[in-house]
Amino acid sequence: MFSAADHAHMAQALRLAERGLYTTTPNPRVGCLIVRAGEIVGEGYHERAGEPHAEIHALRAAAERARGATAYVSLEPCSHHGRTPPCADALVQAGVTRVVAALQDPNPKVAGQGLARLRAAGIDAASGLLEAEARELNIGFVARMTRGRPWLRVKAAASLDGGTALANGHSQWITGEPARRDGHRWRARSCAVMVGIGTLLADNPRLTVRHVDTPRQPLRIVVDRHLEIPLDARVLEGGHALVVTAEDRPDKTRRLQDLGATVAYFPNDEGKVDLNALMQDLAERELNEVLVESGSRLNGALLRAGVVDELLVYLAPHLLGDTARGMFGLGELASLEQRIDLTIRDVRRIGADLRILARVGQS
């Protein structure tokens, strides 16, 4: 169905889409290539919400040469009026005769309608070429659209025997500089970075992206059951913060709001933060990928709640011993059947450390 040339052109469209890795939120990362008689006549990618989509950039570059050409796009062209007009209509008007999409749009507002509109106009339209690669590039967008919660990735840095800090709490630095810089790239691609109040009180992090050239900073989320966050916490600087609590403290809430923070109240029956309700709320805030950089208590609670999708673990060539703090506070398991199974997706060396990317469950 698809030729070697089709594969090569779609691979290029996906490379274009990757240029929007840090900027497209809440929209998907999309690239487009216009090819006529074997020659690339236009290319483009989506950079920011509200700005032209990848197809529009590529069509503008191709101009009249788009007539009779094939468009390779990493996501099905949109068919509805959002912040911008439908890309399916633009492709029809440009006179392309064939459209190849990698992934059908999971957005219910599109979901096959873009391809149907193209076919109704007499255009040869197909999807599924390098679909898995396109899905991985937009895994958070797909998750939010299909299940109503973002893709949750838990990051941890530990010694080879699983220690994240000494018993006295000292943890800087377990991993090397290359691993820490790599961690900032994962921050940069995320819509939000989440931390628990214990880690905040211990480390007072900013949770901002550094070492990466990006025009935006992710939302900073603090899970704070009793609303203990100090008003001078560095995470509150600039106001781009969400504090999630289970305790209604109107005076403290007003003071946080005066600093520009948003306070959300999600108590469960145990008086703790309802993590499932939080995930639904984050999806409603149009967050695609959330990176958790917290301690074992919040990490374990998220795993027990069944909302963790992926683990990003950096292992340093050290041993910290039996009293070191662990990565995941899961409590004692009575049997191996209670274990949490993982699927390792990638292992690579980052400086002197190992980086392991693993999915929760089978994938």
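1. Start with α3 and α4. In this predicted model, helix α3 packs against helix α4 (residues 113-120) at an angle of about 20°, and their axes are 9 Å apart. Because angles under 35 degrees count as roughly parallel, α3 is roughly parallel to α4.

2. Handedness of this pair. α3 and α4 cross in a right-handed sense.

3. Residues between α3 and α4. On the α3 side, the contact uses Ala-88, Asp-89, Leu-91 and Val-92. On the α4 side, Gly-114, Arg-117 and Leu-118 take part. By class, the residues of this contact are four nonpolar, one polar and two charged. Gly counts as polar here.

4. Now α2 and α3. Helix α2 covers residues 54-62 and helix α3 covers residues 87-94. Their axes come within 9 Å and cross at roughly 20°. The angle is under the 35 degrees cut-off, so α2 is roughly parallel to α3.

5. Handedness of the second pair. The crossing of α2 past α3 is left-handed, whereas that of α3 and α4 is right-handed.

6. Residues between α2 and α3. From α2 come Glu-55, Ile-56 and Leu-59. They meet Cys-87, Ala-90, Leu-91 and Ala-94 of α3. This contact divides into six nonpolar residues, no polar and one charged.

7. A residue to look at in the model.

Key: Residues numbered from 1 in each chain as written. Predicted model: local features only at pLDDT ≥ 70, side-chain atom pairs only at ≥ 80, totals over all residues. Heavy atoms only, no water. Axes fitted to C-alpha atoms, helices over the stretch in contact; angles between N-to-C directions. Helix = DSSP H or I, 4+ residues; strand = E, 2+ residues; numbered from the N terminus. Parallel < 35°, antiparallel > 145°, perpendicular 65-115°, else oblique. Left-handed = near helix turned anticlockwise from the far one by under 90°. Contact = heavy atoms within 4.5 Å.
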